[in-house]
Amino acid sequence: MNRTAFDAHCATLRHATNVVQWGGCSVWKIGGKIFALCSPEAKGEGFVRISFKCSDMAYEILRDEPGIIPAPHLARAKWVQLQAPDAMDDDDIRQHLDAAHAMIASRLTRKLRTELGFLS
């Protein structure tokens, strides 16, 4: 998945917002909380690194897969980073981004979830 496809998918997620920070990373948030990010393409590598929040079980499974590592600076919070362009296919990445979005949304305050329309 390239950065354009990453951003396009994240933009479809309910109440997701995007900022570019930390040296050009595309950072996606819900309610001010980060659920996924995509680094700029490193010179000579030809691909981007995508990081996202995982469930405890997904983290345990994914961190041992080839091309996937615990995300630098975020591993203690159960984040992984895709280090290779073939580490995961695009459909699986989209499913994990959806899950990360839902997980972070569910952890927002009740007041904020109500304001965003997740609770009625």
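Let's start with Ser26 and Trp28: their side chains are joined by a polar contact of 3.3 Å. A polar contact here is a pair of N or O atoms within 3.5 Å; within protein, one must be able to donate a hydrogen and the other to accept it, and residues adjacent in sequence count only if both atoms are side-chain atoms.

Before I go on, this is a predicted model, where local features need pLDDT of at least 70 and side-chain atom pairs count only at pLDDT 80 or more, while totals for chains, interfaces and linings use all residues. Residues are numbered from 1 along each chain as its sequence is written, and side-chain values use heavy atoms, with hydrogens and water left out.

Okay, back to Ser26. You'll find Ser26 in strand β2. Helices (H or I, at least four residues) and strands (E, at least two) are DSSP runs, numbered from the N terminus. Is Ser26 buried or exposed? Ser26 is buried, because its relative accessible area is 1%. The cut-offs are under 20% relative accessible area for buried, over 50% for exposed, and partly exposed in between, with a 1.4 Å probe and protein chains only. Leaving out residues up to four places away in sequence, Ser26 touches Arg3, Phe6, Asp7, Asn18, Val19, Ala36, Leu37 and Cys38. Touching, or contact, means heavy atoms within 4.5 Å.

Now for helix α1, residues 3-11, whose buried residues are Phe6, His9 and Cys10. Looking down the axis of α1, you'd see those buried residues fall within an arc of 95°, so they line one face of the helix. The arc is that of the directions from the helix axis to the C-beta atoms. An α-helix has 3.6 residues a turn, so residues three or four places apart point the same way. And what covers the buried residues of α1? The cover includes β1 (16-21), β2 (25-30), β3 (33-38), β4 (50-53) and α3 (90-106). At the start of α1, a side-chain oxygen of Asn2 comes to within 3.1 Å of the backbone nitrogen of Thr4.

Next, two aspartates. Asp89 sits in the loop between β6 and α3, and Asp89 counts as partly exposed because its relative accessibility is 44%. The side chain of Asp89 reaches the backbone nitrogen of Asp91 at 3.1 Å. Asp89 and Met1 are 88 residues apart along the chain, with 7.5 Å between their C-alpha atoms.

Asp90 is in helix α3, and at 30% relative accessibility Asp90 is partly exposed. A polar atom of the Asp90 side chain lies 2.9 Å from the backbone nitrogen of Met1.

Then there's Trp22, in the loop between β1 and β2. Trp22 has a phi near 55°, a positive value in a residue other than glycine. Most residues other than glycine have a negative phi. Trp22 counts as exposed, at 52% relative accessibility.
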